[in-house]
Amino acid sequence: MTDLMSYDDAMAAFDPAMGLEVHVELNTATKMFCGCPTEFGAEPNTQTCPTCLGLPGSLPVVNGKAIESAMRIGLALNCEIAEWCRFARKNYFYPDMPKNFQTSQYDEPIAFDGYLDVEVDGEIFRVDIERAHMEEDTGKSLHVGGSTGRIQGADYSLVDYNRAGIPLIEIVTRPIMGAGEKAPAVAKAYVATLRDLLLGLDVSDVRMEQGSMRCDVNLSLSPKGAGTLGTRTETKNVNSLRSVERAARYEVSRQAALLAAGGSILQETRHWHEDTGVTTAGREKSDADDYRYFPEPDLVPVAPSREWVAELKAGLPEPLRDKRARLQGDWGFTDLEMRDVVASDAVGLIEETIAAGSSPQAARKWWVAELTRRANEDGVELTELPITPEQVARIQALVDEGAINDKLARQVFDGVLAGEGEPDAVVAARGLAVVSDDGALGEAIDRAIAANPDVADKIREGKVAAAGALIGAVMKDMRGQADAGRVRELVLEKLS
Amino acid sequence: MAADLASGATTSVALTRAHLDRISAVDGAVHALLHVDAEGALAQAAASDARRAAGSPASGLDGVPIAVKDVLATEGLPTTCGSKILEGWVPPYDATVAARLRAAGLPILGKTNMDEFAMGSSTEHSAYGPTHNPWDLDRIPGGSGGGSAAAVAAFEAPLAIGTDTGGSIRQPGAVTGTVGVKPTYGGVSRYGLVAMANSLDQAGPVTRTVLDSALLHEVIGGYDPMDSTSIDEPLGALADAARQGAAGDMTGVRIGVITELGGEGYQAGVQQRFDEAVALLVKAGAEVVEVSCPSFVHALAAYYLIMPSEASSNLARFDAMRYGLRVVPDGDPSAEDVMRASRDAGFGDEVKRRIILGTYALSSGYYDAYYGQAQKVRTLISRDFEAAFAQADVLVSPTAPTTAFKIGAKLDDPVAMYLNDVATIPANLAGIPGLSLPAGLAPEDGLPVGFQVLAPALADDRLYRVGAALEALLENEWGGALLDRAPALEEATA
């Protein structure tokens, strides 16, 4: 069992430094260097050609749209755009790499020296971007047999090359220092903000669960106040927003325990396990890891004109912070409410829910309070809950129409999340409609009066406030499906 | 042949069958071909005859059969690159050059032998055994494209395609008495050419006459969007240049003799035939200047860093995971074990040597000293050429320092083997075009000598003009084509 130091103790003794490498699959119609389609989820090896299979003799041709997307990402991240840059070959052997080299960029990235401001608890942290470069994705290995689904112990492996050659942008930060105990939260906020920025650019699906956005977390500790950089680990397979924060916290605790015990950190690749919440050692990595980079001789240099860069810059969407400020104003949220919305990663969801007809406050209430709690309970991202903004808006509409109340609405959420269909279907199937039929209500009220004669007397004496107890009894009797307003009217009528 | 096809004096089927018969008769001795596609070639020939009969030939060369170096992908035809590691591999696609040959109606007779992955100057490094020089079966036909040159020299094919990374078209042309052209880099698509060194490789014609090369060059050349390094410029009127040159008038043409490519290290008979050819050009009106290219002394060293570096990366894909030879060691081997065993069994010694060299040259800490320096030398060589072309329209030299040597003579001395390409490599490093044509037989051994013509990038037409002129002047001296003097192979075979 790995020794861990409590997070608070670790933070009392050490300063964390973090670097994040985010890989983003672009949503171009075709691959980086060939004309194959990029659709997710196709039959294995059906979206391939000689080039992306690396067949002998095949050659790459750069996808102009991918270059444009890369430059727009760079510009949105406040980067410089290279006047001239080349692709390079990163040489290493792996079965899911058709050529046993990855066509990437090395010392000449398309974009460099930028930043992204992220907000944590109302405070702005500036994350410096070292570079954003273009490369191609690898194929995807499926290890069959064995218990873990990993390469160790597998009986055989299958490779799907549909993913091979899909355009990737790798965005690398400079070390994030000085965030202290908030470092893991900054990491999560960075990835979330980056995702929103990419969505706004419409350059990627940025679906972490589908792997179209993948994050590696580099983390090291140094003695508190030393201002130095310790030995880092690179944690891979961090494929959800929650995991970014959890993996960073775990590495802090693990490294702190090791260092405190007089040990040293091994520079290595580690794997994050979403289910158990731990990292385990992967390949040992040293600076001697030699990819033998050299300029890709099959491609010509990329030299975007300054006019093109200016044109792309002018066409960028509204910056995220401006957009958030605008939305907060439009929606009438307080600073605190907006902060919760951002922390819940619900800005986009609320925007869509409002677009589907809901009021801002209702949308906020459901997503931030009700659904965020459920996502946390299930250990999934809010965006991964099997419910759409349109469905949330429809449930709120049913409340507004008086067909259901908030309590019933929660049961409708249960039904929709359980896959029972659209909100209206759940209401019908579960028989959740509010009862405002005077006959049925009258009988329940009579039963409540009979059971609570002293309360009934108080009302008759004019203590109208006591009606609440009878209404509660009726609601209970009718399993929450009574129209509370109508019950109150009927009670007061009967006892006046 | 094209004229006879056009006039109806012969048919493509007859021509193709005649060449297939010739292959049957002599290729046992020459071993120029790795794969013969009689059925496919005859079918393409029949289709060609139908087009000719309908009065709609696909090109001027429609129906003329051709052999293709086994380094170019041909759909449905095995493509081995002379290596065990690709034994039996049948590409699912055509190289652009192959596609253009088919579109122009040239029946593909088969695939020609070569040094494994084009690494060599003698075709002895083929995993399928050496090709023999039709002039003397105990001698090498040059390399790496010895198969294409020997097939053309032995009349097994009227035309062939070669590829030239450091001289693999021109040097075999020189030692077999044939014509070979390395076009401007980017002039002929590399799509489907299994790369040895991507920044140097170029496919081109291997023929018996300069005009044939020009005609074939026009078929295979020109912009291809599938190759990013392909040049989107017109090829120029190559055949017209050859026809103009054949008239033999060289008035006003400035010919630069490269000081560094000749003299010491060059066989006396090679130098003599070269000098005689230059004298003929002068007689025809050319102006001769001596030009110096001081950086050429570093060309071989730079080449032997850049080429293996690129090759080490290119050849990484041969890992037994997707195609080609797969050797599974005993026990419970990992993917890495299978890769290791397959590459060990599938690659020959010369290939392994270059992979190791290239891997080393690209390694962290050595990159700047080796690959980086080599690229700088490359720039210097290009500047030398620029300065030389300011003084001359074309540059000339012997194509190879010696005539064909005996099979086995240099097999144990890689550096001696590498020196065969000392005169051809600079053109590859600079990306400029070069042509080799026969300059006669060396008096001391009676073997063919090659004469090289170099032109600035995109001025391939100058090669054809000067080449065709010299060819006409020489044949006038000889009273016929040089190959008419080659031994009859039927006797050698018998």
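## A three-stranded open sheet in chain A

In chain A, three strands form an open sheet with the order 4-3-14, and their pairing is antiparallel. The model described here is a predicted one.

Strand 3 (residues 88-91) of chain A runs antiparallel to strand 14 of chain A, and two bridges join them. Within this pairing, Ala88(A) has Pro295(A) of strand 14 as its bridge partner.

## Pairing around strand 10 of chain A

Strand 10 (residues 213-223) of chain A pairs with strand 1 (residues 14-25) of chain A in the antiparallel sense, over eleven bridges. Leu219(A), in strand 10, is the bridge partner of Met18(A).

Strand 10 of chain A is also joined to strand 11 (residues 233-238) of chain A, by four bridges and again in an antiparallel arrangement. Here Val217(A) stands opposite Thr235(A), a residue of strand 11.

## The contact between chains A and B

The contact draws 25 residues from chain A and 33 residues from chain B. On the side of chain B that touches chain A, at least two residues each are supplied by helix 10 (299-314), helix 11 (335-346) and helix 12 (349-362) of chain B. Helix 10 of chain B provides the largest share of that side, three residues.

Sorted by class, the side of chain B that touches chain A comprises 17 nonpolar, ten polar and six charged residues.

Definitions and conventions: Residues are numbered from 1 along each chain as its sequence is written. Chains are lettered from A and ligands numbered from 1 in the order in which they are written. This is a predicted model: local features need pLDDT of at least 70, side-chain atom pairs count only at pLDDT 80 or more; totals for chains, interfaces and linings use all residues. Two strands pair if DSSP finds at least two bridges between them. Two residues are in contact if their C-beta atoms, placed from the backbone, lie within 7 Å. Ala, Val, Leu, Ile, Met, Phe, Trp, Tyr, Cys and Pro count as nonpolar, Asp, Glu, Lys and Arg as charged, and the others, Gly among them, as polar.
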